[in-house]
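Look at the model shown here.

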Amino acid sequence: SQRLFGRRCTAAQLPHAPKGFSLRRFYAMGCASSTERATLAKPVLVQVSAASQGAEAPAAAEVSLAQLGVEVPAIPGDVGLCGQLSEEVVRSIAPRYASWVYMNAADDTGFLPEVLKQCVKQLEVRPFPGPDPLPSDDQVAAGLEALSTLPRPLMLQCTSGNRAGALLLLWLVQKHGYSAESAKQFAEDMDLQFWQRCTKCGPMREWLLARLPSTEIGQILKPAEGLVFSQLFDSETCTYTYVLGCQDTKEAVLLDPVLEQKDRDLMVLRELGLKLRYVINTHAHADHITSGGLIRKELPEVRTVISKASGAKADWQAEPGEKVAFGRFALEALPTPGHTEGCVTWLLKGSPTMVFTGDALLIRGCGRTDFQGGDSGKLYDSVHSNIFSLPGDTVVYPGHDYKGRNVSTVDEEKRYNPRLSKTKDEFVKLMSELNLPYPKQIDTAVPANMMCGVQD
């Protein structure tokens, strides 16, 4: 994952900056408004005592929040985390915050209430101890309530910034129903200091994980009544394959199958008592060969499906809006070009509504755009117009995942996808700078998949 935060240093290191020195800007991208991000991204002018630096030392240094020891996680983007700060630093940064939460006792020597009251609209003391003793339930509730209700931008301050990070992470993962395993991945993706670089925070991390469910909310969502659903995984290519069937008619579709997993997939269909009608591909894959051709050879009644825009051969070249029916269910083709010219997301309406996004939208990511007619601008537009426009609780099932995640929602990806939550210009620039190696199987997979399983 991308590193989202700058290197931390103490305010004591700042006076050594040479005259005119301006440290790199720290931009907090995430769910905060553009105005709030711009406010927190501005460099800070910190006054420095000339007496302590010599007659030729500068009277001030322009620095970023990160260099002051302030962590601004990209999610939500409008909450800062810090440890004890000098009075000069507090006076410099506090005016950009609407509220400030002090997480130690009110009589702590590092607390500067008189200074803060002059700078912020709302100042709260919410003790949140740890790791010995750990916070009580009442203290946790008070801390979470502060994050939910206080005006933004908001600063959380403790002794080192680590407990502040723990509270913010707990608030985020509980708000969005993450499991303990997803919370780990989320903290790593955000590069939170207390999770990644604190050697004494083990007990705090264990305490936080113990408060979370072991099962993802997305995993306990019941499929629509009468829908048979199975998500399968190929560990070699990190590809997800999906079996969807109608319990009443036993008709089924197989979505994005992998050649080497043909026997497994057919066995699953037999075990579930399903009759395969369609093999569907979201696009002509570059990292694996579809098993559609061999399946059709074994089961001539099966039809292969891919988008007409892909240019690939198939029994059915689907147009946008066309529906592939199986029993009383149907998958609708939503065009989502950009990873390739012919990418399609398949929409299954119901309770919950599901989308099978292939490589267009991944969990906290997206497919590359540097071959097969890829276009970053098209991908951004198609995902935002045809996927992010769906209800927030729509369940997202991707074509791949490389970090052990298997399901997300439209709301989660709109908020937390580090690529597609950016502006279009930022996204296009980011994608142009990835410089990824080509997929190992591209020379064999693409030509084979352009045939899409049609047998002469």
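Leu331 sits in strand β14 (residues 329-335). Helices (H or I, at least four residues) and strands (E, at least two) are DSSP runs, numbered from the N terminus. This is a predicted model, where local features need pLDDT of at least 70, side-chain atom pairs count only at pLDDT 80 or more, and totals for chains, interfaces and linings use all residues. Residues are numbered from 1 along each chain as its sequence is written, and side-chain values use heavy atoms, with hydrogens and water left out.

Leu331 has 0% relative accessibility, so it counts as buried. Buried means under 20% relative accessible area, exposed over 50%, partly exposed in between (1.4 Å probe, protein chains only). Beyond its neighbours within four places in sequence, Leu331 is in contact with residues including Val253, Ile280, Trp346 and Phe356. Contact means heavy atoms within 4.5 Å.

Now the helices. The axes of α6 and α7 come within 11 Å and cross at roughly 125°. Axes are lines fitted to C-alpha atoms, for helices over the stretch in contact, and angles run from 0 to 180 degrees between N-to-C directions.

| Helix | Residues | Contact residues |
|---|---|---|
| α6 | 162-175 | Leu169, Leu172, Val173 |
| α7 | 180-190 | Ala183, Phe186, Ala187, Met190 |

Eight of the eleven residues of α7 are buried, so α7 is largely enclosed by the rest of the structure. Among them are Ala180, Ser182 and Gln185. The buried residues of α7 pack against α6, α8 (193-196) and α9 (202-210). After α7 comes Asp191, with a positive phi near 55°.
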